[in-house]
Amino acid sequence: MNGMRLAVALIFLLLGLPILFGFLALQSFPAVANLPTTEAANAEMAKYVLKRLRDAFQSRKRQRIVSISQSELNSVMLFAARAVPSFRGRTNVSSKEITFAMSAIPPGLPADRWLNLELAVSPSRQGLEISSIRIGDIDLPPGIILPFVTFAIDMALGDELGSLILDGVDSVMVSGRTVSIGISISPLTRELFLARSKARTRQINPFGDTADAESYYLAVHKAAEVGILPNRGSFLPYLRFAFGLTHQQAADGDAVAEMRSAMLAVGVYCGLRQLEILVGNVAPESLRNQPAHCRKTTLNGRVDLRLHFIISAVLRVASDAGATFAIGEFKELRDANGGGSGFSFDDIAADLAGARFAETLFANATTSETRRILLGRMKRESEVFPNIEGLPVGLSDSEFKRRFGDVDSVPYKTMLTVIEKRIDKLLFHART
């Protein structure tokens, strides 16, 4: 019994002390200043570097070298800041060290309590070498960080994955303002790490029930297959059908959970298959290679607006409004950068309309009467999708800068206000 008590005490110390220390290290100010404004080139750079990192991690080769410039690292920081408004980050690369400075307001704490972190990594041919770390105004011994992070990952994911992943960093080298990371991790370990990470994320912040989402997916597919749902024209019948089913099912269960599953099913079926990452495989195995019947359906006569709307609605349910908007905003900024379709405020309108649709739907999910009222307001597109006439579209990077400056400018925010007011007037969002 004494041995059991000692083990419990040690676990409490290992897991509880860092939390207590972090709380004590909170400060009343952010150590990182406001970030520079996001531009199209930043968005393109962030997308490119994240894809490169993902491809390197998913490669079948055991050994890889991934090079990332200081500008690319800061673009990723910018993306994170647009997604999480309380986050600020900055990276500096020099021949002596790579420093990462970050400030954020921890969830659930007052707006004046900031967690400030500064971490420095030294160039090394012998793996990952942390040269200094500071939390708040407290300097920590750098030698304890890697063991602690390794232990935390091992505890969370099992199979000593923390050791395998961190030990797999062979080298960190610097040339000019570019960092080159040598990685030697077996494909099996990488696959296991990604799978376990996704699974733990779902456990910590579950989106919904996989089996329920799959049943809604199958119901939508069968309805389209027999002609109850259209394969052309408006996408709205798919929303009305799916949430009509939740209205029936919710009498015997949790309405919010049913709506979440239905939203994900429609998002995967008529939006983006990659949304399955939120819960796991939603499409039944027998249908995974079959094209969706709704792939040619539209909102306001356009397929792309349907995609913007439903993907943003799903992300709004899974995340906060800031993260949802950041994803759509960055896509538009990327399109404005040479070769894309240009920055289009009608796409932004579809993103915002999808997010607001989800907000209103879930805010009124608690009673059968409010669900019935909202279902009755899904008969026409004009009830859920705003007027987009006159919104600037197809703006190149230079044209966007000339007319709006940046995404923090008054003209840009004014245009967003115009869109929000149009959404406010939709019948779907009227008081129930």
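**View 1. Strands S2 and S3 pair in the antiparallel sense.** In this predicted model, S2 covers residues 88–93 and S3 covers residues 98–104. Their pairing runs over 6 bridges. The two strands form a hairpin, with 4 residues between them.

**View 2. Strand S4 joins S3.** S4 spans residues 115–122. It runs antiparallel to S3, and 7 bridges hold the link. Look for Thr 99 here: its bridge partner in S4 is Ala 120.

**View 3. Helix H12 is largely enclosed by the rest of the structure.** The helix takes in residues 345–363. At 1.5 Å a residue, H12 should span 27 Å. The end C-alpha atoms lie 26 Å apart, which agrees.

**View 4. Tyr 217 and Tyr 269 form an aromatic pair.** The count of aromatic pairs comes to 13. In this one, the ring centres are 5.0 Å apart and the planes stand at 90°, so the pair is edge-to-face. Tyr 217 belongs to helix H7 (residues 210–225) and Tyr 269 to helix H9 (residues 255–270), so the pair ties together parts 52 residues apart in sequence. Both tyrosines are buried.

**View 5. Ring pairs link five Phe residues into a cluster.** The members are Phe 243, Phe 309, Phe 357, Phe 385 and Phe 428.

Key
Residues are numbered from 1 along each chain as its sequence is written. This is a predicted model: local features need pLDDT of at least 70, side-chain atom pairs count only at pLDDT 80 or more; totals for chains, interfaces and linings use all residues. Side-chain values use heavy atoms; hydrogens and water are left out. The expected span of a helix is 1.5 Å times one less than its number of residues. Buried means under 20% relative accessible area, exposed over 50%, partly exposed in between (1.4 Å probe, protein chains only). Two strands pair if DSSP finds at least two bridges between them. Rings of Phe, Tyr and Trp (its six-membered ring) pair if their centres lie within 6.5 Å; planes under 30 degrees apart count as stacked, over 60 as edge-to-face and the rest as tilted.
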